[in-house]
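Opened the notebook for another model today. I'll jot down what I look up as I go.

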Amino acid sequence: MDNTERLIQEKIKREIETQTRRHFIKDCVAGMGGIALSSLFFSCNSFFDNKKGGKLSLTERDLNPLATLAPPFPPKVKSVIYLHMAGAPSQLEMFDYKPELQKLHNQSCPESFLEGRKFAFIRGVPKLLGPQAKFNQVGEAGNWVSEYLPHFKKVADEVAFLKAVNTDQFNHGPAQLFMHTGSPRLGRPSIGSWVTYGLGSENQNLPGFVVLTSGGKNPSAGKSVWGSGFLPSVYQGVQCRSKGDPVLYIDDPKGMSRGLKKRTIDAINSINKEEFDNYSDPETLARINQYEMAYRMQIAVPEVMNINNEPDYIKEMYGVEKGKESFANNCLLARKLVEKGVRFVQLFDWGWDSHGTDHSTAVDLGLKNKCREIDRPISALILDLKQRGLLDDTLVVWGGEFGRTPMQENREGKEQGYKGRDHHVDAFTMWMAGGGVKKGASWGKTDEIGFSALEGQVSVHDVHATILHLLGFNHEQFTYDFQGRPFRLTDVHGHVIKEILA
Amino acid sequence: MTHFLTFLGRLHPLIVHLPIGFILLGLLLQWYNRKQDMHLDKAISIAFLWAGISAVAACITGLLLYTHEGFAYDTVKLHLWFGIITAVCSFIYYVRISHIAFHKTPVIIFSILILIVISATGHFGGNITHGSDYLTEPLPPSVKRIIGIETQEGNEIALNEEELDDAILYSDIIQPILDNKCVSCHGPKKSKGELALHTPEAIQKGGENGAVIDLKTPDSSAIYHRLILPVDHEDHMPPKEKTPLTKHEIALIKVWIEHEANFDKSIGQLQLDHELFTSFFKNENSSELPPVSVATVSKDVISNLKKSTAFGIQPVSKSTSFLEVSCLNFPDFKDADLNTLKPFFKNIVSINLRGTQVSDDIFNSLIKLPNLQTLKLDNTQVSGAGIGSLQKLEYLRTISVTNTNFEAASLKDLALLENLEKVYIFNTPAAQSPQENTDITFTINYGNYTLPIIATDTIIY
């Protein structure tokens, strides 16, 4: 026995001897790394409260993520309808009247405008392109609106124009992301997600953030423009179709009764609940909520998305096209959704990229068609919201991802057969209408040819700050903690545009 | 040379950590050595020697920082003297440990003393850079009150439009602007460029470059001129990283100098245009709610009610106790259901009964909501009979009854409501026969807008 004991003693001694300083440091590094990592992971996980010894603490909000929340400040509006003209509409043919540009039509663009600048397609020295539309002063406020939008004059006194918005992205994808998420790169939540995260949604049977597209294509930036980024994915936009079933597979398949469906979903959810109890992944909760929402949506969505029950004179006012995917149908749907308490309705209409490469993108041909497609629906939407008392609680925002150049596009340095304009980031027009917005206001001025802003220059962040302000947020305090730091929609920028507030 | 000294001064935040480390190390060793059994005296004395040396270095760099960065003596005095005491104490400790002659005085006294001194020095230093409320700021207001800290709200400049002419331009507007945007660097605490802007005397005195106000050429007064330089300009004020003045504030500073930088006259006496001040008028947001105070309803009461009924109930905003009630998810709502809200009738400012089973009897119940401002009854069967009783609701501003059986007679009853502003009656019997009614002081929206078909609607280019 003595010998074995001695042997063991010796073994322990040897082991200690092999533990050099190098081993100690190595172990330390691994240990420290572990500690650092755990703190990193901890910052991503809002469900563990370390004061309670790592116990799960779920709030009411986690269980019902779309429950309504009060905004920090008394709001002016409760809902937003955001109309995005994907491709970037030409402000020079719609709202920004430049008679001087007409006089300079077909003259070469002065070098001073081109120095040190990059355009998406313009090469060399392009020619200036006069406005292709006639303009009139409309309404009591006397704002200029082009003849491309004959119906719009009836609502022009309801809107506040921003004539000198600028962006810093001249390609569609990044510019659309910037316009909707506040960052030209992927990964940030869209404004609709921020708003539904911050306020929840009134109607328990409908998504809080609905997206409708028209014009035959989704926006160039893809579905990230209504994505939820680092916010829980329950806040991402839900795309509904305006033709056929609003949501795919919304009807139960043959032989599947509603009761059976309910039992199926309950079974799936109880498995998911177990999964959540074991791993605490917040995305599992999102999945449970989505299943329940989908079940309730089966009844509510077909009802709200059915525009056939609307009276004929309303359908005529919007110019609804039965059974088709159209911007007019989407505008009517937007009104119905807002009426039903949906927080954020996002409309994308594709086909505004007026480069002048063919008939459909010519500013004197195709653009006229696009303007006709939106003129009646938008005017009808504002009037319809107004007559129902909904415009007091709703904000309507109109814009593209950037504007278009006062110069005629000369792709590859060659003259083009059709009249078109290139992408332009320095100054373009957007407008807002609804609660808290100064009716008939116009803020910002561009130079004689509409190239640069002279005064009232506002950025995309300023637009975001203003939208959040109207919803009752201070954009600087509305944050979400992610990867160890608070994030804002407006990042470190943005000023509320007080000039267009009532 | 000055540049180098300024640079040395800026090493202060780095160097101050050395004496802290050495002192803590020394105290720790002393604690291990408390029974004199580890023979650490030598090490302890070395630690305190270096603590003393580095504390002197910290004092020197600190003095350089103080003299070159425009700190006021009052701001730094506590930190300065405690810093010097720290250095002295470190050397005393060193002498106590390393010289046998002093071994009779109990070392614990020195230990406690030096711990207090170093903590105080660190704290006062932190207060200079982060502000004296930095440490206590995150505490909840209730705790702050107990330990005797005043809770301050932001100094928002809020003018009253009616009393504008009586407001003194300098003391009611200009000085508050300076207080908010300038005094943190040019004031009693810090006076960068030897300039302070917190009193009329200090403003008139000017800074190291002379007077900041030039009455002959107001535009070139430094106090105005430096505000309008490009942001990237070296002399632009406030510096890039601080909050800039708004353009309205800058405009007012200019107006003030043009009026001889007068310190006593009121806006009325100076005959200034009221347009200049519109951006400083009290925020209308808060006054849109009824000017009464109501007790806050506990969150539990609301969440219990939300669980047992389908009412949507939520505060108008996080900072008020007024509530909005919505029956959007409660299509079966009947008149009697209103009584479930009885505990907080006074809190309700908005009620949305759109698309519910509500009847005309609701008007008799609604008069129990004294602070109601908005009433939505669209898409229901109400005809408006008895709506006149709502005249008791003095804050009621908006009523919408679109898509209902609302009668023209009921519209007349609404004339009794004094503060009513808007009524929406689209698609009701009342809207069929718009009548001229001179008694009515509110706007009636009849709706029924149309967009007539025009030739261009069908032209495809």
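Predicted model: local features only at pLDDT ≥ 70, side-chain atom pairs only at ≥ 80, totals over all residues.

Entry: the A/B contact. With that cut-off, I get 29 residues of chain B in contact with 27 residues of chain A. Which element of chain B gives the largest share of the side that touches chain A? Strand β1 (residues 312-315) of chain B does, with three residues.

Entry: I looked up where β1 sits, and found an open sheet of seven strands in chain B, ordered β1-β2-β3-β4-β5-β6-β7, with mixed pairing. Strands β1 and β7 (443-445) of chain B are its edges, each pairing on one side only. From one strand to the next, the twist averages 10°.

Entry: one pair up close. I picked β2 (residues 323-326) and β3 (residues 348-352) of chain B, and they pair in the parallel sense over four bridges.

Entry: domains. How is chain B divided by the domain assignment? The assignment gives domain 1 (2-146), domain 2 (164-282) and domain 3 (299-445). I took the centres of domain 1 and domain 3 of chain B over C-alpha atoms, and 68 Å separate them.

Definitions and conventions: Residues numbered from 1 in each chain as written. Chains lettered and ligands numbered in written order. Contact = placed C-beta atoms within 7 Å. Helix = DSSP H or I, 4+ residues; strand = E, 2+ residues; numbered from the N terminus. Pairing = 2+ DSSP bridges. Axes fitted to C-alpha atoms, helices over the stretch in contact; angles between N-to-C directions. Domains from an automatic or database assignment.
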